[in-house]
Amino acid sequence: MFKKILIANRGEIALRVIRTCKEMGIKSVAVYSKADEESLHVKFADEAVCIGPAASSESYLKMSSIIAAAEITNADAIHPGYGFLSENAKFSKICEEHNIKFIGASPEMIDRMGDKANAKSTMIAAGVPCVPGSEGVIETFEDCIKVAKETGYPVMLKASAGGGGKGMRAVWKEEDLQDAWESARQESKAAFGNDDMYMEKLIEEPRHIEIQIVGDSTGRACHLSERDCSIQRRHQKLTEETPSPFMTDKLRKDMGEAAVKAAEYIKYEGAGTVEFLVDKHRNFYFMEMNTRIQVEHPITEQVIDFDLIREQIKVAAGIPISGKNYLPNLHSIECRINAEDPYNDFRPSPGKITVLHSPGGHGIRLDTHVYAGYSIPPNYDSMIAKLITTAQTREEAINKMRRALDEFHIEGIKTTIPFHRQLMDNPDYIAGNYTTAFMDTWKMEEPVDEE
């Protein structure tokens, strides 16, 4: 087992990893930018090293500084969390070259699954259901026209190196194809330095449902059931739940088997997520694979009583998995609390938290790195907390979330707490009747003037 792990991340995920390290008797090293000097992950780690100024490019994304911090503290492993360098094949390779264990996927695996067109062709070879469309990158616009005709409109153009919704265009008829092709390539080139495109059939009324998997060095994998991530805004998840209200026993069995098949085909090692689109007829299609821990991993932990970070560390240390597949026996919901103004197009709201009262009670979990007096820097992702409720039934979990959101009191900045509170009263959400297009039609009620 590792003696010391450096956490190459910040905020709540860094604190989350530090806590498991402490429980396992492993020393932890925090790295931080100058903007994060007062963050809780810095305070609770056994050691902390400043790796640069506020800009991510000069701190959390600067590989040489992170490797230097690992070497001067004698860390024998690095946990990358999510985001930043967690799916960076070059960083995984550099760790390998410096004899530091990267607690994540191998460079080869990140490359193989990080390129979406390549990942799709790999999954087709593995026998995993995939959305009809191009078998790889589309080379020319003439090929694009041909594939669209063969696939049938509507289609979705996607950037091969994409993420976060960039380089994606829905096309409903052929006369709109060229504009979509050119604008998607330009956006992809600007965002990722790569304008390779592929095409898929546009799945109408889709649910975004992912399967959590873990694989070990022996080539075995297991799944830990599903998470429904369909409530999204601009392809960014807002809230997640497990089990999915759309799920059936047969669908769960089939999707779980497909995810394990995918992981074992590529001999995946570590925790990862196989993401699917599920249409209104409950046909499911491979979308992508994330070779890291997910933001929403706590809800899986809650419903099966399982520490995914501990499992990541154990697998990285060479300890085999049990091979058992897990099914949820409770219901859990996660609301991502962002420092954003939901009444003003979710505009970021950095600044100093003057008052913070956290919710508590049975079935409440709060993962956060903020506190009263903490100043949220404007340099990073705006998520400041994850509020998770767990109960025997979905109805109870929603009721518990309402109560917890009412108790969650933050002053000094704007947050998405009011958004989530209204969501918990939405009749379609309560009925489990939602798709990835939910936010396109639902509008929040305006705030009540309390003066």
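Angles under 35 degrees count as roughly parallel, over 145 as roughly antiparallel, 65 to 115 as roughly perpendicular and the rest as oblique. Axes are lines fitted to C-alpha atoms, for helices over the stretch in contact, and angles run from 0 to 180 degrees between N-to-C directions. Helices (H or I, at least four residues) and strands (E, at least two) are DSSP runs, numbered from the N terminus.

This is a predicted model, in which local features need pLDDT of at least 70, side-chain atom pairs count only at pLDDT 80 or more, and totals for chains, interfaces and linings use all residues. Residues are numbered from 1 along each chain as its sequence is written, and side-chain values use heavy atoms, with hydrogens and water left out.

**Exercise 1. Classify the packing of helix α3 and α4.**

Step 1. Find the geometry. The axes of α3 (residues 63–72) and α4 come within 11 Å and cross at roughly 30°.

Step 2. Apply the cut-off. α3 and α4 are therefore roughly parallel to each other.

Step 3. Name the contact residues (contact means heavy atoms within 4.5 Å). α3 gives M63, I66 and I67, and α4 gives K90, F91, I94 and C95.

Step 4. Sort them. Ala, Val, Leu, Ile, Met, Phe, Trp, Tyr, Cys and Pro count as nonpolar, Asp, Glu, Lys and Arg as charged, and the others, Gly among them, as polar. The contact of α3 with α4 has six nonpolar, no polar and one charged residues.

**Exercise 2. Classify the packing of α6 and α9.**

Step 1. The angle between α6 (residues 116–126) and α9 is about 105°, with the axes 10 Å apart.

Step 2. α6 and α9 are therefore roughly perpendicular to each other.

Step 3. T122, M123, A125 and A126 of α6 touch K261, A262 and Y265 of α9.

Step 4. By class, this contact has five nonpolar, one polar and one charged residues.

**Exercise 3. Which strands stand at the edges of the sheet?**

Step 1. Write the order. The open sheet of five strands runs β3-β2-β1-β4-β5, with parallel pairing. Two strands pair if DSSP finds at least two bridges between them.

Step 2. Look at the ends. β3 (47–52) and β5 (101–102) each have a single partner strand, so one side of each is left without a neighbour in the sheet.

Step 3. Check one pair. β4 (residues 77–79) and β5 pair in the parallel sense over two bridges. A77 stands opposite K101 in β5.

Step 4. α1 (residues 11–23) lies across β1 (4–7), β2 (27–33) and β4, at about 170° to β1. α3 lies across β1, β2, β3 and β4, at about 155° to β3.
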